[in-house]
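Please open the structure in your viewer and keep the sequence at hand.

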Amino acid sequence: MRKLLFALVFVLAVSSVNAQAFEGKEDMKFQIGANFQDNGTGIVVAYDYGLGENFSLGLSSSYVLGVEELINADFGDRIDLKARFNANLGSVFQLGDNVDIYPGLDLGLKNFGGHLGIRYFFSDGFGVFTEIGAPLAKYKTGTLTPAEELHNQFVFSLGASFNLN
């Protein structure tokens with residue numbers, strides 16, 4: 001996993017296209033992709049709105065579609081909704097206009113967590129993203145059932161990113 005992430009960062013850093021990964025204040029991004037975690041895979045959607053040169057606020061939601069049969073997961077276990085804060089650092093690291101690295105924090109229905117993502121835009125409107133996330137503090141303490149562990153563990157996501165400006 002670490003080698004894959006390093007390779008992706010390297011490829012994105014050395015490529016250059018005239019596209020804007022994060023424009024700063026009033027920038028709007030929409031992402032949709034796949035979500036991978038232990039015991040299930042699903043779909044993730046996110047919206048980020050730029051409030052300053054290097055930070056944005058947004059919302060994300062994910063729903064686990066493919067859950068292993070042994071887990072008795074209902075709708076409430078499968079879905080999560082989060083408010084998120086991103087520090088958009090592509091310009092700080094001078095990676096080019098088409099690349100953005102964004103560490104951030106999120107406050108969701110299941111936990112308080114952190115994430116690290118990378119966006120790469122091929123054109124002004126379309127790009128790809130990858131993101132990892134993990135809970136920093138879970139709301140439910142003690143032993144979690146396998147269904148409760150959904151969204152309360154390390155998550156890897158990848159998909160398409162769209163510029164809405």
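**Before starting**

This is a predicted model, in which local features need pLDDT of at least 70, side-chain atom pairs count only at pLDDT 80 or more, and totals for chains, interfaces and linings use all residues. Residues are numbered from 1 along each chain as its sequence is written, and side-chain values use heavy atoms, with hydrogens and water left out.

**Stop 1: the whole protein**

Display the protein as a cartoon. Three helices and eight strands make up its secondary structure; helices (H or I, at least four residues) and strands (E, at least two) are DSSP runs, numbered from the N terminus. Followed from the N terminus, the elements run α-β-β-β-α-β-β-β-β-α-β.

Of the 165 residues, 44% are buried. Buried means under 20% relative accessible area, exposed over 50%, and partly exposed in between (1.4 Å probe, protein chains only). Contact means heavy atoms within 4.5 Å. Among contacts between residues at least 6 apart in sequence, 58% join residues at least 24 apart.

**Stop 2: the nonpolar cores**

Select V64, V67, I71, A73, A147 and L150, the six residues of the largest nonpolar core. Such a core is a set of buried Ala, Val, Leu, Ile, Met, Phe, Trp, Tyr and Cys residues joined through side-chain atoms within 4.5 Å. A second, separate core has five residues, among them L95, V99, I101 and I118.

Return to A147. Which residues does A147 touch, not counting those up to four places away in sequence? They are I71, N72, A73 and D77.

**Stop 3: the aromatic rings**

The structure holds seven aromatic pairs. Rings of Phe, Tyr and Trp (its six-membered ring) pair if their centres lie within 6.5 Å; planes under 30 degrees apart count as stacked, over 60 as edge-to-face and the rest as tilted. Select F122 and F126: this pair is stacked, because the ring centres are 6.1 Å apart and the planes stand at 25 degrees.

F162 is partly exposed, with a relative accessible area of 29%.

Now select F30, Y120, F122, F126 and F162 together; they form one aromatic cluster. Then pick N163, also in strand β8. Is N163 buried or exposed? At 13% relative accessibility, N163 counts as buried. N163 and F30 are 133 residues apart in sequence, yet 6.6 Å apart in space, C-alpha to C-alpha.

**Stop 4: the surface**

Switch to a surface view. The protein exposes about 8,800 Å², of which carbon and sulfur atoms supply 65%; accessible areas come from the Shrake-Rupley method with a 1.4 Å probe, and for residues only the protein chains shown count as cover.

Finally, select F85, found in strand β4 (residues 79–87). F85 counts as partly exposed, at 35% relative accessibility.
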